[in-house]
Amino acid sequence: MKASIAWQDDVHFIAQTGSGFQVEIDGNQEKGARPMELILAGLGGCTSYDVVKILQKSRQDVVSCVAEIDSERSDGIPAVFTKIHIKFIVKGRKLKEKMVERAVKLSAEEYCSASLMLERGGVEITHSFSVIEVE
């Protein structure tokens, strides 16, 4: 996996992913997301991917999955993440709560590379979920 990051001006950069996508990064939040926000977004995307795929393989009728992420950072420099909480809001038809719980746990403990990497680096990551029935 590769990426290149090109400085544009001030604290504005454009990242080019190895798969050919561009992401704007801006420390002032005028033209793009801050770098640490992208870490949270990457974590959310990684774990959400796992949860949805696990539920689909378990034949659960998922129609929506949103991961809401809250975090805390240290006061000093570097201001690393110290705590991250991920709340999954999963909507579907006749979803089994135990299956959602299992999917979240498997992602957290076995599959999500981003989550496991952050935890090994000392970040406390917690999870919760809610299941919403839709017609």
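Visitor: Is Lys31 buried, partly exposed or exposed?
Guide: Lys31 is partly exposed, with a relative accessible area of 42%. Buried means under 20% relative accessible area, exposed over 50%, and partly exposed in between (1.4 Å probe, protein chains only). Before we go on: this is a predicted model, where local features need pLDDT of at least 70 and side-chain atom pairs count only at pLDDT 80 or more, while totals for chains, interfaces and linings use all residues. Residues are numbered from 1 along each chain as its sequence is written, and side-chain values use heavy atoms, with hydrogens and water left out.

Visitor: Which side chain does Lys31 meet in a salt bridge?
Guide: That's Asp9, at 3.4 Å from N to O. A salt bridge here is a side-chain nitrogen of Lys or Arg within 4 Å of a carboxyl oxygen of Asp or Glu. Lys31 sits in the loop between β3 (22-26) and α1, and Asp9 in strand β1 (residues 3-9), so the pair ties together parts that are 22 residues apart in sequence. Asp9 is partly exposed too, at 33%.

Visitor: How many salt bridges does the structure hold?
Guide: Three. Another one joins Asp61 and Arg93, with the closest N and O atoms 3.1 Å apart. Asp61 lies in strand β4 and Arg93 in strand β5, so this pair links parts that are 32 residues apart in sequence. Asp61 is partly exposed at 35%, and Arg93 is partly exposed at 36%. Then there's Glu101 with Lys98, at 3.5 Å from N to O. Those two are three residues apart in helix α2, which means about one helical turn separates them.

Visitor: Let's zoom out. What helices and strands does the chain have?
Guide: It has three helices and six strands. Starting at the N terminus, they run β-β-β-α-β-β-α-α-β. Helices (H or I, at least four residues) and strands (E, at least two) are DSSP runs, numbered from the N terminus. The C-alpha trace spans about 50 × 35 × 25 Å along its principal axes.

Visitor: What share of the chain is buried?
Guide: Buried residues make up 27% of the 135 residues. In helix α3 (residues 113-120), the buried ones are Ala114, Ser115, Leu116 and Leu118.

Visitor: And what covers those buried residues of α3?
Guide: The cover includes α1, β5 (81-93), α2 (97-111) and β6 (124-133). Ile39, in helix α1 (residues 35-57), is in contact with Phe81 and Leu118, leaving aside neighbours within four places in sequence. Contact means heavy atoms within 4.5 Å. Ile39 itself is partly exposed, at 38%.

Visitor: What comes after α3?
Guide: Gly122 follows α3, and its phi is positive, near 100°.

Visitor: New topic: which residues gather in the patch of negative charge?
Guide: Glu68, Asp70, Glu72, Glu109, Glu110, Glu119 and Glu124 gather there, on the surface. β4 (61-73) and α2 are the elements giving two or more residues, and β4 has the largest share, three residues. Patches are made of residues with over 30% relative accessible area and no salt bridge: like charges are joined within 9 Å, and nonpolar side chains (Val, Leu, Ile, Met, Phe, Trp, Tyr) within 5 Å. The place of a charge is taken as NZ of Lys, CZ of Arg, CG of Asp or CD of Glu.

Visitor: Is Glu68 buried or partly exposed?
Guide: Glu68 counts as partly exposed, at 42% relative accessibility, and it's found in strand β4.

Conventions
Areas by Shrake-Rupley, 256 points an atom, 1.4 Å probe, with all protein chains shown as cover. Lys, Arg positive; Asp, Glu negative; His and termini not counted.
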